Amino acid sequence: MGALSWDDYFMSLAFLTSMRSKDPSTQVGACIVNDRNRIIGVGYNGMPSNCPNDQLPWSKRSVEGELATKYPYVVHAELNAVLNKNAESCSGCRIYSTLFPCNECAKVIIQAGIKQVIFASDKHSDRASAKASRRLFELANVELRQHVPEARRGGRDGTQWEKAEKQ
Ligand SMILES: O=c1ccn([C@H]2C[C@H](O)[C@@H](COP(=O)(O)O)O2)c(=O)[nH]1
Ligand SMILES: [Zn+2]
């Protein structure tokens, strides 16, 4: 068996990173890489640092309203990856994300100078936030590409991807 492709390697790293997330419905991971294939930052969706996790909700919906759901509190994987960067700048980099970035992440990605987005799942493509993202990325000339694992092209064993896609 040959070496893992860069795309499979970085997307695998994004999936591995996503496994740190405590979100019971959608674990997201992101990995920023420069043009020399060096890792610049990784992140996953989680509650802000220093906020005790047991005091914030992970629910998708609540009869008590939006403030009793995760949405106003969770820091998205892509934002965390940019905030965690170990280089001066993300300019010209690409980002691997296990989920297509929402519009808030799209703004961060564009402002950080990231030029390429490689994503795995597009499961929220019907949401307005995903549609707004696509619009922003197109206007800002950020290249989008859905990752097709080597295994899907008849290459290596694809069990890890099958598991990830079922999420
Ligand atoms: O760009 C994105 C969009 C979403 N996330 C995180 C935020 C939430 O923790 C989940 C989405 O939860 P659902 O239950 O699927 O609505 O994904 C992210 O990190 N980046
Ligand atoms: Zn987001």
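Helices and strands are DSSP runs, a helix having at least four residues and a strand at least two, numbered from the N terminus. By that naming, His76 sits in the loop between β2 and α2. The model described here is predicted.

For comparison, the ideal angle for four tetrahedral donors is 109.5 degrees.

An unreviewed UniProt entry annotates His76, Cys102 and Cys105 as "binding site". These residues span 30 residues in sequence, yet no two of their C-alpha atoms are more than 8.9 Å apart, so they gather at one spot. His76, Cys102 and Cys105 are also included in the lining of the largest pocket.

**Burial of selected residues**

| Residue | Relative accessible area | Class |
|---|---|---|
| Cys105 | 3% | buried |
| Glu78 | 4% | buried |
| Trp58 | 16% | buried |
| His76 | 30% | partly exposed |

Trp58 is classed as buried because its 16% falls under the 20% limit for that class.

The UniProt annotation "active site", from an unreviewed entry, covers Glu78. Glu78 is placed in helix α2 (residues 77–83). Apart from neighbours within four places in sequence, Glu78 contacts Ala30, Ile95, Ser97, Leu99, Phe100, Pro101, Cys105 and Ile109. Cys105, which lies in helix α3, has contacts with His76, Glu78 and Leu79 when neighbours within four places are left aside. With the same exclusion, the contacts of His76 are Tyr44, Asn45, Cys102 and Cys105.

**The largest pocket**

The largest pocket holds about 450 Å³ of space. Its lining consists of 25 residues, and those lying nearest its centre are His76, Leu99, Cys102, His124 and Arg127. Helices α2, α3 and α4 (128–139) are the elements that give two or more residues to this lining. The largest share, 3 residues, comes from α3.

**Trp58**

Trp58 is found in the loop between β2 and α2. Its C-alpha atom is separated by 7.1 Å from that of Pro24, although the two residues are 34 apart along the chain. Leaving aside neighbours within four places in sequence, Trp58 is in contact with Lys22, Asp23, Pro24, Asn45, Gly46, Met47, Asn53, Lys70 and Val74.

**The annotated domain**

UniProt, in an unreviewed entry, places the feature "domain: CMP/dCMP-type deaminase" at residues 5–136. That span is 29% helix and 17% strand, and its end C-alpha atoms lie 29 Å apart.

Note on methods:
Residues are numbered from 1 along each chain as its sequence is written. Chains are lettered from A and ligands numbered from 1 in the order in which they are written. This is a predicted model: local features need pLDDT of at least 70, side-chain atom pairs count only at pLDDT 80 or more; totals for chains, interfaces and linings use all residues. Side-chain values use heavy atoms; hydrogens and water are left out. UniProt positions are given in the numbering used here, feature names are shortened, and annotations may be inferred rather than shown by experiment. Buried means under 20% relative accessible area, exposed over 50%, partly exposed in between (1.4 Å probe, protein chains only). Contact means heavy atoms within 4.5 Å. On a 1 Å grid over the protein atoms alone, a cavity is a set of points where a 1.4 Å probe fits but cannot get out, and a pocket is an open set with protein on both sides within 12 Å along at least five of seven lines; lining residues have an atom within 4 Å of a point. Grid points are joined across faces, edges and corners, and a volume is the space filled by probe spheres set on the points.
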